[in-house]
Amino acid sequence: MLDKKIFEENFARFCKMKDRAKEDPNMLRFHIYPEAGWLNDPNGLCEYKGIYHIYYQYSPLDENKSDTCWGHVSTVDFINYKREDIFIYPDAKFDKDGAYSGSAFIKDDRINFFYTGNVKHDGEYDFIKEGREHNTIKLASDAYTYSEKKLILDNDDYPKDMTKHVRDPKIYEKDGYNYMFIGARSLEDKGLVLVYKSKDLDNFTYHMRIETDYDFGYMRECPDFFTVDSKDFLILCPQGVESETYRYQNIYQAGYFPIEIDLSEKTYKLGNFKELDYGFDFYAPQTFEDSKSRRILIGWMGMPDANYTNPTIDYKWQHCLTVPRSLSVKSGKLCQNPISEMENLRKDNITLKRGENYEDFVFEALAKNIKDSFKINLRSDVSLSYDDGILRLNMGYSSFGRDTRQVKINVISDLRIYSDKSSLEIFINEGEYVLTSRVYSEKAGFYSKDLDFDLYTLDSIGFI
Ligand code: FRU
């Protein structure tokens, strides 16, 4: 439980944490990070009255996560950001152990937020099958304030064969109905997505479930259903999928099913699951459509329960969001590319010829018309190499437990690398593949004997 009063009583401690974070040599330049404390999933993404609102899972007083609130930043141009007050505190009886993830749905000139209120009962429970409530809560809001937290669904409203892990609502509107997609774990340890239906956004009834007819993990977190280029996609984060040599290398996955679905007939056909990212730190992405009709995705640059860590903990903060990415469809697959506003960060343009070294951490680098195998040093101790149809990201001694990620890619024709002080986002073949990772090398050193790069030095985003 954390409410506004408790936060204010601890404000001096929070300010000390903020001061400490400012001293961190690994502080980021063009990513959204918490001023102090812990950040995870992006939540409630929307554009409302010309302003973009980005909320996120936030523990302001604990860099290792507790008492999850919704943090909030706003922007009109994705360059200048405003840090807003904490939006949701876990201060009600039905969200007292965390205002967990959720989403925004704009209707009739107001934002309806839906999120999961996490409640843990006192006592000895496994907190999977018992001892937990996952309440679906609604707020009607102007982006900054709300009048009441309204309980929409609770444990009794979920199908009887569910565990107590049912969370992360996202709304999709079709033919005058609102469909709520929620991630779930069944009593048989099968991950699935539940769909609820509503006419008025207050009364939701169970409609259908979406599941694989094969074994694919015990849980789904953060489902997101949407349409791009007239094709439907279901993003979700499965837990419990076994790692393979070239796929599913992280403890949990973040990816999507292309899906053909008839919501009124309750029929669907899932395509093959595809990962959205092949790096070490990408999870719980969420999308929204903006007034320019772009489907924008932002992910959490982190990974829950991973066996690698972040030295930023010593500086009282942890994790960040990815750069905003716009989604498109190529041969039935989702591609991610940084939104065009990111180009406004570009300063000097440098042609980096093969064999030349660039000695800074923060840059954007582009390589086109790639024909052969290559090796690139991204840092003094971090490399990206492509050979025999396998791309390998090799992290060095300073990567706090991150080692190697490898992915099968038939042809690589272009690369766009966004490098921040302690992060890398590598976009391949115009966003067909992406690798996102935190990185903590002490020494820069961008270099390739095989490729020429068009490189840009970058400005920082600003926070007021
Ligand atoms: C995903 C997740 C969500 C949950 C939230 C809690 O990272 O576990 O399922 O709502 O984080 O912070």
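"How much of the chain over residues 31-338 is helix, and how much is strand? Hi everyone, let's start there. This is a predicted model, and over residues 31-338 the chain comes out as 0% helix and 54% strand.

Where is the ligand? The ligand sits in the largest pocket. Strand 1 (37-48), strand 5 (99-107) and strand 9 (162-174) are the elements that each give two or more residues to the shell around the ligand.

Who is in that shell? You can find Asn40, Asp41, Gln57, Lys65, Tyr100, Ser101, Arg167, Asp168, Glu221, Tyr283 and Trp300 around the ligand.

Let's zoom in on some contacts with oxygen atoms of the ligand. For Asp168, an N or O atom of the side chain is 2.6 Å from a ligand oxygen. With Lys65, the distance from a side-chain N or O atom to an oxygen of the ligand is 2.8 Å. And Asn40 has a polar side-chain atom 3.1 Å from a ligand oxygen.

How much of the ligand's accessible area does the protein cover? On its own, the ligand has 320 Å² of accessible area, and the protein covers 94% of that.

Terms used. Residues numbered from 1 in each chain as written. Predicted model: local features only at pLDDT ≥ 70, side-chain atom pairs only at ≥ 80, totals over all residues. Heavy atoms only, no water. Near = heavy atom within 4 Å. Polar contact = N/O pair within 3.5 Å; in protein donor to acceptor, adjacent residues only side chain to side chain. Areas by Shrake-Rupley, 256 points an atom, 1.4 Å probe, with all protein chains shown as cover. 1 Å grid on protein atoms, 1.4 Å probe; cavity = no way out; pocket = protein on both sides within 12 Å on 5 of 7 lines; lining within 4 Å. Sits in = over half its atoms within 2 Å of the grid points. Helix = DSSP H or I, 4+ residues; strand = E, 2+ residues; numbered from the N terminus.
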